[in-house]
Amino acid sequence: MAASALIACALASGGEALDLVHAAIKDGAVFDAASLHAYRQAQLERVETTPERYPPAPPHVALDLNEGRSPRAQLIIRLASEDLDAAQTDQLITAASATSPRLKAVIAALRVQQQASQRGTQLTDSELDVLHNALDVLAEDDSDEDPGLVHGSDDLVRAVVTHLLPRRPEVASALAGASSWITLDTLEWLESELPRLGHTVALKAIQQLAPSDTLAWLAKSAKSISVVFELLAELDDAPVELTPSQAWHIDEAAAFIDALAIKDFAVMTPPAAARQRPELTRRILRLALDACGHEGPLVSAQLRSLRQEDPERPDWGLLYQLGTRTPATTPLEVVVDDDLVLQAVQHGNTWLVALTLALAAAQAPKTNTPLAERLVAELPVLNARTRMRTARFLAHHWPELALPDTDAAVRAGVGQAHATAYTDSQLYHDAQSLLADPDLLVRARAAGSLHDIPPADLPLLKLVLASPAQQWTCLDCDRTMPADADRCGRNHPRPTPRLKV
């Protein structure tokens, strides 16, 4: 009776109420077939009306790290695990294709996995090809904002390890590339699952083939990887007596972890900040606690309680399972010292930079011209990714500020800010100069920041985007390459500009 009432209420209400049915299915609830089909169709129809990106945070929200997240992509990924029929599967893949070609590849792979599970058989060779293709597509691109990368890596890596790796061990190299974006809970699953399944050779191959320090996590202990959670557990050591509910649900800690967007960055990036610059990271996290309105002693106490359940291997992945209960908070106005901002961008950790600039954005930076001037002066010595992110911050808050136009990373950041503004004002034609930039990096970042392009504007924008480029800039090694070079000298891939249609 309760299940029938839940699904009937969800179908009547629509919207996010439908997600309660999804959660109930995951928890083992049983519904009748007709109601389930109606529910899944309602979810699929909801995809089209779900926003492609989160709206800008209102003025009273002091911390907004939703850049790169896509509500539509999140819903599409959730629906990939449902028992859809053939027509519904086609509908889901079409929706994924309209969001991102990479997301389409991921969804196609997750659907063949789900279909094999429904059949109770292994994946066929052609289905393995679909999975293999998705892995290659996900591993070959270094964009940190594509929804297929941000929202698809965890599910795909788990599917690859379960189905593809045992039968095609040569995919270890591509698995290493895709695994740089998994979250901590998937990382911990990998560390236990690969040896359990007997893939120790594949694990060693991944360790040897890891192309950068980002993937060095495969050779590190879980304790090293979870250093950021250890730091948070000791951030405020004031004694707190947790209620049974606070200790069990850890709502406040999970809400703060979600606000920090830890899972949206390469898995070793936040821990690297805590390990390399612990005091700087502590200062920024304390500001974030105040800005979000969370009680520092309570958050730290919940993290210590979670750690105490299994001190040798705490299940930090539970922190990513945000509950439906919303903790009451009292956000405070925080003041981010200019020197602190400069220290963060000079260090160059992408998570710490994003967190610090988000905090700085909340204190009306238009009134703080000295910060803008100091950041402009600092741009030439920053790494390419930090130059791009800082330029985007500057161009958004100080649109009239003159920024170096000879630096492609800076132009890419400015292009992101301008493309977002063109989307908000519906002035898509004004993006033509961005899409015709001589550097493919600038084109890719600008194109990725244009959303909800009207069909009437697409032909011209596509034509401009297809014009020959001169070069592309690698964000990882800060090198400029000829436009026809597929990879840089360190094997990083060429940016691929795509309009979202």
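Predicted model: local features only at pLDDT ≥ 70, side-chain atom pairs only at ≥ 80, totals over all residues.
Reader: How many helices and strands does the protein have?
Author: Helices (H or I, at least four residues) and strands (E, at least two) are DSSP runs, numbered from the N terminus. On that basis the protein has two strands, and its helices number 26.

Reader: What share of the residues of the protein counts as buried?
Author: The accessible surface of the protein comes to about 22200 Å², by the Shrake-Rupley method with a 1.4 Å probe, and for residues only the protein chains shown count as cover. Carbon and sulfur atoms own 53% of that surface. As for the 501 residues of the protein, the buried share is 53%.

Reader: Which residues touch the most other members of the largest nonpolar core?
Author: A nonpolar core is a set of buried Ala, Val, Leu, Ile, Met, Phe, Trp, Tyr and Cys residues joined through side-chain atoms within 4.5 Å. The largest one has 59 residues, and those touching the most other members are Leu260, Leu319 and Trp351.

Reader: Which residues are among the 47 of the other core?
Author: In soluble globular proteins, nonpolar side chains tend to be buried together. Here, another core of 47 residues lies apart from the largest one, and among its members are Leu75, Ala80, Ala95 and Leu110.

Reader: How far apart are the end C-alpha atoms of helix α17?
Author: The expected span of a helix is 1.5 Å times one less than its number of residues. Helix α17 runs over residues 278-292, which is 15 residues, so it should span 21 Å. The model agrees, since the end C-alpha atoms are apart by 21 Å.

Reader: Which helices do the buried residues of α17 pack against?
Author: The buried set in α17 includes Leu280, Ile284, Leu287 and Ala291. Contact here means heavy atoms within 4.5 Å. The partners are α13 (227-233), α15 (251-260), α16 (269-276), α18 (296-309), α19 (338-347) and α20 (350-361).

Reader: Is the pair of Phe229 and Trp316 stacked or edge-to-face?
Author: Rings of Phe, Tyr and Trp (its six-membered ring) pair if their centres lie within 6.5 Å; planes under 30 degrees apart count as stacked, over 60 as edge-to-face and the rest as tilted. The count by this rule is two aromatic pairs. With ring centres 5.3 Å apart and planes at 10°, Phe229 and Trp316 are stacked.

Reader: How many residues apart are Phe229 and Trp316?
Author: Phe229 is buried at a relative accessible area of 1%, and Trp316 is buried at 0%. Phe229 belongs to helix α13 and Trp316 to the loop between α18 and α19, and the pair links distant parts of the chain, with a separation in residues of 87.

Reader: What is the angle between the planes of Phe393 and Trp398?
Author: Phe393 and Trp398 are both buried. Their aromatic pair is edge-to-face, 5.8 Å centre to centre, and the angle between the planes is 70°.

Reader: How many disulfides does the structure hold?
Author: A disulfide is a pair of cysteine sulfur atoms within 2.5 Å. The closest cysteine sulfur to that of Cys488 is in Cys477, 3.5 Å away, which is too far for a bond. Cys477 is in no disulfide either, as the nearest cysteine sulfur, that of Cys474, is 3.3 Å away. The number of disulfides is zero.

Reader: Which residues does Cys474 touch?
Author: Cys474 lies in the loop between β1 and β2 and is buried, with a relative accessible area of 1%. Leaving out residues up to four places away in sequence, Cys474 touches Ala384, Arg479, Cys488 and His492.

Reader: What is the phi of Asp478?
Author: Most residues other than glycine have a negative phi. Asp478, in the loop between β1 (471-473) and β2 (480-482), is partly exposed at 36%. Although Asp478 is not a glycine, its phi is positive, about 60°.

Technical notes
Residues numbered from 1 in each chain as written. Heavy atoms only, no water. Buried < 20%, exposed > 50% of the residue type's maximum accessible area, 1.4 Å probe, protein only.
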